Amino acid sequence: MNESPPAVQLDGLARRYGRDMVLSEVSLTIREGRIVVLQGPNGAGKTTLLKVLATRLRPSRGSARVFGFDTVREAHEVRSRTAMLPVFGGSYPTLTGAENLELATRLYGLRLTPSELEAALANVGLAGAAQKQVRGYSSGMKKRLGLARLRMAPAKLWLLDEPYAALDEEGKAYVDALLDEARSTGKTVLLASHEPERVAPLADAVLEVSGGTVRRSERFGVPATPVQAVPVRGG
Amino acid sequence: MNDFTPVLLIAGKDIRQELRSRAITVATLFFAAITLVILAFAVGSDEAILTQIAPGALWVALAFAGVISAAQSYAAEGEENAFEQLLLYPIPRASIYLGKLISNWVYMGFLALILLPTTAVLFDLPLGSHRGALLLTLALGTLGFALIATFYAALTANLRARDSLLPVLMFPVVVPILLAAVRATTSLMQFGNLEMASDWIQLLAGFDLAYLVVCTAIFRFVVDE
Amino acid sequence: MSSDRTTTHPLRPRPLWLNLLAAASLLLVGAGFYLGLVVSPPDVNQGELIRIMYAHVSAAWVCFLAVIIAAVYGMLYLWKGRPMDDVRGTAHAELATIFAGLTIIGGMTYSKPTLNTFWTWDAKLTLTALLFALLVGYFVVRGLIDDRDRRARVSAVVAIIVLASLPFNWMAAEWFRTLHPAKSFDVSASGVSDSADPIFRWILLFNVFAVAVTYVWFSIERIRIGRAQVGLEEQRETTPVTMREAIDV
């Protein structure tokens with residue numbers, strides 16, 4: 001029996017930003033179903049790493065594979081299996097929350113009824129704002145819209161860039177719920193945060209990104225073995 | 001999902017945004033109109049000369065406005081980092097180009113439909129009897145501009161000095177469009193000569209077809225980072 | 001693997017054949033000058049001005065050749081992603097720019113005594129001017145992109161667009177001619193009329209060949225430097241092996 005490929009496999013990954021190397025020689029394997037936190041100071045390369053996995057940035061050297069698919073040569077395969085929550089933005093300000101979500105889901109190849117869209121927005125506490133243009137949203141509300149979009153994506157790998165930033169306590173609870181959902185549905189999560197205290201207990205591993213490379217965090221000595229049974233999925 | 005669905009979704013989204021914000025309309029319509037007026041002033045009050053340069057003035061105004069509208073349509077994408085997100089959906093990159101091409105073409109076509117009668121009045125040049133061929137010239141000419149503008153605007157969207165860079169890159173490529181469109185318009189409006197116009201219209205169609213293929217094929221390399 | 005390269009000097013030793021090629025280029029160009037300036041009789045229509053044509057037409061032909069080759073390397077880069085194809089494409093684009101500039105200067109030199117103006121909207125001159133503008137755009141874009149992979153990709157794309165624009169610009173320029181000096185010289189493909197003495201044609205072809213060889217020599221020199229630059233950049237970016245650590249979670 002073939003073992004299914006790991007969710008993430010970075011092999012000697014290096015990525016330039018402008019003229020400088022932000023990441024150099026990152027080799028990392030993340031098995032399916034793990035929740036992994038990337039922590040490190042601003043500018044350490046966390047976002048760059050996530051964007052490489054999301055196919056937004058090509059590796060300058062080395063390779064990145066998602067579920068066995070190369071992020072450059074098989075970008076389409078990777079895109080249909082990943083979803084990314086950016087630090088901010090991702091929505092069109094002159095469209096309403098519901099229109100933004102509808103556009104996103106249709107681009108994912110899904111067709112949701114208006115009531116399903118309403119429900120998805122209510123799920124992140126945006127029930128009252130669904131028909132309002134996003135330019136009137138606060139940054140926290142925009143982030144919540146991003147969470148709704150992420151949940152709708154037919155993805156097996158979630159890339160969350162500073163998911164807690166800009167959110168109030170209620171909003172942060174939605175992120176926690178999202179992580180629980182990921183755990184129960186066997187999704188793989190890569191979460192970047194410069195304040196990992198909140199997520200460390202939920203995570204299978206905390207990795208530290210600094211100086212262009214990735215190490216196991218010494219501050220958070222989380223065991224590398226899964227905390228609990230990860231659903232085994234075939235293929 | 002049909003491969004053309006995302007194209008229509010993106011074009012529809014652009015047009016809906018524009019209907020709400022009118023950002024491009026405001027930025028281009030008055031600009032183009034002012035360009036026409038300034039050209040008319042610059043030439044003077046000799047009506048024979050005014051009539052002669054009318055088609056040139058029309059297409060220069062359209063070309064300038066087309067640059068602004070294409071740049072603006074990517075600026076709207078960048079406002080909330082939406083373009084970053086757009087690039088992550090499991091859709092072919094070419095569909096992003098084609099979607100934005102359609103919306104840019106629609107704006108330019110709309111602009112052309114307003115500027116044509118404006119030019120006719122300001123420069124005292126009647127529309128002539130070949131209205132169908134004139135519309136075809138407008139359609140193919142604006143498509144040519146939109147093809148190149150949409151392509152290069154994506155290329156310059158995240159470069160320094162993009163505002164002045166876009167016309168510098170794009171105008172040498174669209175010279176044939178400008179020339180052919182002006183000549184076709186002149187033949188139709190000034191001389192009422194359909195036969196003379198048809199050569200130029202064919203050049204427009206050939207240009208559009210060639211660049212539609214080339215730009216669609218290599219667009220993904222423009223947005224890849 | 002790349003650590004072997006870090007110890008070697010990025011500029012490879014200069015091979016003998018390159019010096020021979022350089023010498024051959026200089027000799028050929030010298031002979032071309034001699035043929036054009038001394039051996040060639042004055043033309044029936046153009047008189048002594050035919051001598052400008054030899055240089056002007058050679059530069060123009062080589063310029064178009066260089067544009068085509070630059071675009072071909074652009075396509076190769078997009079297909080294979082090899083950094084050297086970017087180096088090669090850029091080298092040919094640089095030479096195309098230089099030869100486009102020379103073509104324009106040649107055209108203006110020719111235009112002044114015949115039409116008493118430095119600039120005419122002659123088809124080929126207009127076409128070359130547009131091409132020059134396109135090539136300048138290519139280098140402006142290159143200068144604005146710091147990441148060399150993206151720079152290479154975007155350059156390749158622009159080179160392809162430049163090539164695609166050539167036939168349309170040619171048609172436009174050809175049909176645009178209003179000031180065409182119909183009787184002053186024959187704008188057939190070569191600028192040297194067929195009906196004239198065959199010696200004009202042979203001297204022209206010799207000059208084209210000499211300039212083409214010189215172009216090949218220049219491109220090889222430029223690519224050598226480009227190869228060294230790529231080598232240096234790679235050296236600078238190579239990380240010490242000690243930093244590497246494979247993580248499995």
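Which residue forms a salt bridge with Asp147(C), and how far apart are the closest N and O atoms? In this predicted model, the partner of Asp147(C) is Arg16(A), with the closest N and O atoms 3.0 Å apart. Asp147(C) is placed in the loop between helix 5 (123-144) and helix 6 (148-176) of chain C, while Arg16(A) belongs to strand 1 (residues 8-17) of chain A, so the pair joins two chains. Asp147(C) is buried, at a relative accessible area of 7%, and Arg16(A) is likewise buried, at 3%.

## Salt bridges

Over all chains, the count comes to 31 salt bridges. Side chains of opposite charge can pair when their charged atoms come close.

| Pair | Closest N to O distance |
|---|---|
| Asp147(C) and Arg16(A) | 3.0 Å |
| Glu99(A) and Arg20(B) | 2.7 Å |
| Arg198(A) and Asp176(A) | 2.6 Å |

The closest N and O atoms of Arg198(A) and Asp176(A) are 2.6 Å apart. Arg198(A) is partly exposed, with a relative accessible area of 32%. Asp176(A), at 19% relative accessibility, counts as buried because the cut-off for that class is under 20%. Elsewhere, Lys51(A), Arg56(A), Glu84(B) and Glu225(B) are joined into one network by salt bridges that share partners.

## The interface of chain A and chain B

Between them, chain A and chain B bury about 3000 Å², and carbon and sulfur atoms carry 55% of this area. In chain A, the residues that lose the most area to chain B are Arg56(A), Tyr92(A) and Leu107(A), which together make up 28% of what that side buries. The contact draws 31 residues from chain A and 27 residues from chain B.

Seven salt bridges are counted between the two chains, including the one from Glu99(A) to Arg20(B). Across this interface there are also 14 residue pairs in polar contact, both residues being at pLDDT 80 or more. On the side of chain A that touches chain B, helix 2 (75-79), helix 3 (97-107) and helix 5 (139-152) each supply at least two residues. Helix 3 of chain A gives the most, with five residues. By residue class, this side of chain A divides into 12 nonpolar, 10 polar and nine charged residues.

## The interface of chain B and chain C

The contact between chain B and chain C takes 29 residues from chain B and 27 residues from chain C. The two chains bury about 2500 Å² between them, with 77% of it on carbon and sulfur atoms. Of the area that chain B buries against chain C, Arg160(B), Pro172(B) and Phe221(B) supply 20%, more than any other three residues.

Zero salt bridges are found across this interface, together with six residue pairs in polar contact, both residues being at pLDDT 80 or more. The elements of chain B that give two or more residues to the side touching chain C are helix 6 (131-156), helix 7 (162-189) and helix 8 (194-223). Helix 8 of chain B gives the most, with 13 residues. The residues on this side of chain B comprise 22 nonpolar, two polar and five charged.

## Chain C

Chain C has seven helices and one strand, in the order α-α-α-α-α-α-α-β along the sequence. Of its 249 residues, 49% are buried. Among contacts in chain C between residues at least 6 apart in sequence, 78% join residues at least 24 apart. Chain C exposes about 12000 Å², of which carbon and sulfur atoms supply 69%.

Ser58(C), in helix 3 (residues 50-80) of chain C, is buried, with a relative accessible area of 0%. Neighbours within four places in sequence aside, Ser58(C) is in contact with Met53(C), Leu204(C), Asn207(C), Val208(C) and Val211(C).

Terms used
Residues are numbered from 1 along each chain as its sequence is written. Chains are lettered from A and ligands numbered from 1 in the order in which they are written. This is a predicted model: local features need pLDDT of at least 70, side-chain atom pairs count only at pLDDT 80 or more; totals for chains, interfaces and linings use all residues. Side-chain values use heavy atoms; hydrogens and water are left out. Helices (H or I, at least four residues) and strands (E, at least two) are DSSP runs, numbered from the N terminus. Buried means under 20% relative accessible area, exposed over 50%, partly exposed in between (1.4 Å probe, protein chains only). Contact means heavy atoms within 4.5 Å. Accessible areas come from the Shrake-Rupley method with a 1.4 Å probe; for residues, only the protein chains shown count as cover. Buried area is the accessible area (1.4 Å probe) that two parts lose on being put together, summed over both. A salt bridge is a side-chain nitrogen of Lys or Arg within 4 Å of a carboxyl oxygen of Asp or Glu. A polar contact is a pair of N or O atoms within 3.5 Å; within protein, one must be able to donate a hydrogen and the other to accept it, and residues adjacent in sequence count only if both atoms are side-chain atoms. Ala, Val, Leu, Ile, Met, Phe, Trp, Tyr, Cys and Pro count as nonpolar, Asp, Glu, Lys and Arg as charged, and the others, Gly among them, as polar.
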